[in-house]
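Here's a quick tour for anyone opening this structure for the first time. We'll stop at two places inside it, then leave you to look around.

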Amino acid sequence: MTKPPHPPRSKPLLRDDGGPLQSRTINKRNPAQPRLPFDPLPSRIEPALASLKQTPPAAGNWGWEVKWDGYRLAIHVSAAGVQILTRGGYNWVDRFPAIEKAARDLGPTSMILDGEGVVLDEQGRSDFNALQTSLGAVGRRSGNKTAGNAIFYAFDLLYLDGHDLRGLEYSERRHLLDDTLRGFDGAIRISEEIEADPAALLEHACRLGLEGIVGKNRDSRYRSGRTGDWVKLKCVQSEPFFIVGYEPSKAAPGGFGSLLLAAYKGDDLVYVGSVGTGFKERVALDLRAIFDKLAWTRKAPPMAYDGKRAVVWVQPTLIAEIEFRQWTPDNKLRHSAFKGLREQEDNASVYRMEH
């Protein structure tokens, strides 16, 4: 026997004619109607780069923060997973496991974070050599080297929840970044803006042994490349250059006295001088062993060179991070020192001469 229906718990709403109200039939969505204006997640964004300046800009609305010494990275978080992209477009997600975990913990929100992957020393300063040691020493690298102690300092937010934010002013992007990372505890941290006079801030940063400071025009949209919207002031200049040769050591057979360096000028390489200091013994031995495998088989060097040194040329493959005090009038490095090697495949970071 069929059970009688339960009586309604409340009286039905009535129309003016006394009949019960009925909801309108919901039709299927018309495919011709426009969808919500979501932006596709970019597969890769060329990073905005800071222009080197000797003094802070005299005018404008600028925000200042510490310049971190590591690898420029972009973290892509989506339903498909996490990618950690270098400037050259390589996915190093397997090399930064703690950063990847932190990115997953930030999900399921889709986002692109722009920032720097670093390893900190005991004083909380970014240490490029420590990062390179974590990724694998020179001459003993393999694809499974990881920097488990690396953290990511985020300083921009380029995409969030289906929306491309590059058209927003930096102040707005920064507000969204602060809100996204507020209270988050993990290997992704926010690079704090510091309210201070930039000249005094730079002096303080140099006194603490930091690399320098970065300023960003708060009124600017995100534009790839060096546009002047971002500037950097350094305590000591440091840039990546190709190693294109070495001068054999007269004192230590099998060693080298100095390395010859090159930068890009357009699509060509140009000689920018040499470096003969800053090498630890183990690194020097490893480098010398690599040079034997990279010997340049052509008689001519890989770029124009009119020097008189006895040089063994090598393929422009290894990328050295070099500290130096200034450029000479003929575009050579002055008072240079070897700081470490950058990853060979990430050659997008090699210094480019602007004129």
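Let's begin with a pair of strands: β3 (71–78) and β4 (81–86) each put at least two residues into the lining of the largest cavity. Keep in mind that this is a predicted model. The second stop is Val272, a residue in strand β13, which covers residues 268–275.

**The cavity**

- Rolling a probe the size of a water molecule over the atoms shows where empty space is left.
- Counting cavities of 30 Å³ or more turns up one.
- The largest cavity holds about 90 Å³ of space.
- Its lining is made up of 13 residues, and Ile45, Pro47, Ala74, Leu85 and Thr86 are the ones closest to the centre.
- Strand β3 is the top contributor to that lining, giving four residues.
- Sort the lining of the largest cavity by type and you get seven nonpolar, two polar and four charged residues.

- Is Val272 buried or exposed? Val272 counts as buried because its relative accessible area is 0%, and the cut-off for buried is under 20%.
- Leaving out residues up to four places away in sequence, Val272 touches Phe241, Leu261, Ala262, Ala263, Trp327, Asn331, Lys332, Leu333 and Met353.
- Thr328 sits 56 residues away from Val272 along the chain, yet their C-alpha atoms are separated by 9.6 Å.

Technical notes
Residues numbered from 1 in each chain as written. Predicted model: local features only at pLDDT ≥ 70, side-chain atom pairs only at ≥ 80, totals over all residues. Heavy atoms only, no water. 1 Å grid on protein atoms, 1.4 Å probe; cavity = no way out; pocket = protein on both sides within 12 Å on 5 of 7 lines; lining within 4 Å. Points joined across faces, edges and corners; volume = space filled by probe spheres on them. Nonpolar A, V, L, I, M, F, W, Y, C, P; charged D, E, K, R; others polar. Buried < 20%, exposed > 50% of the residue type's maximum accessible area, 1.4 Å probe, protein only. Contact = heavy atoms within 4.5 Å.
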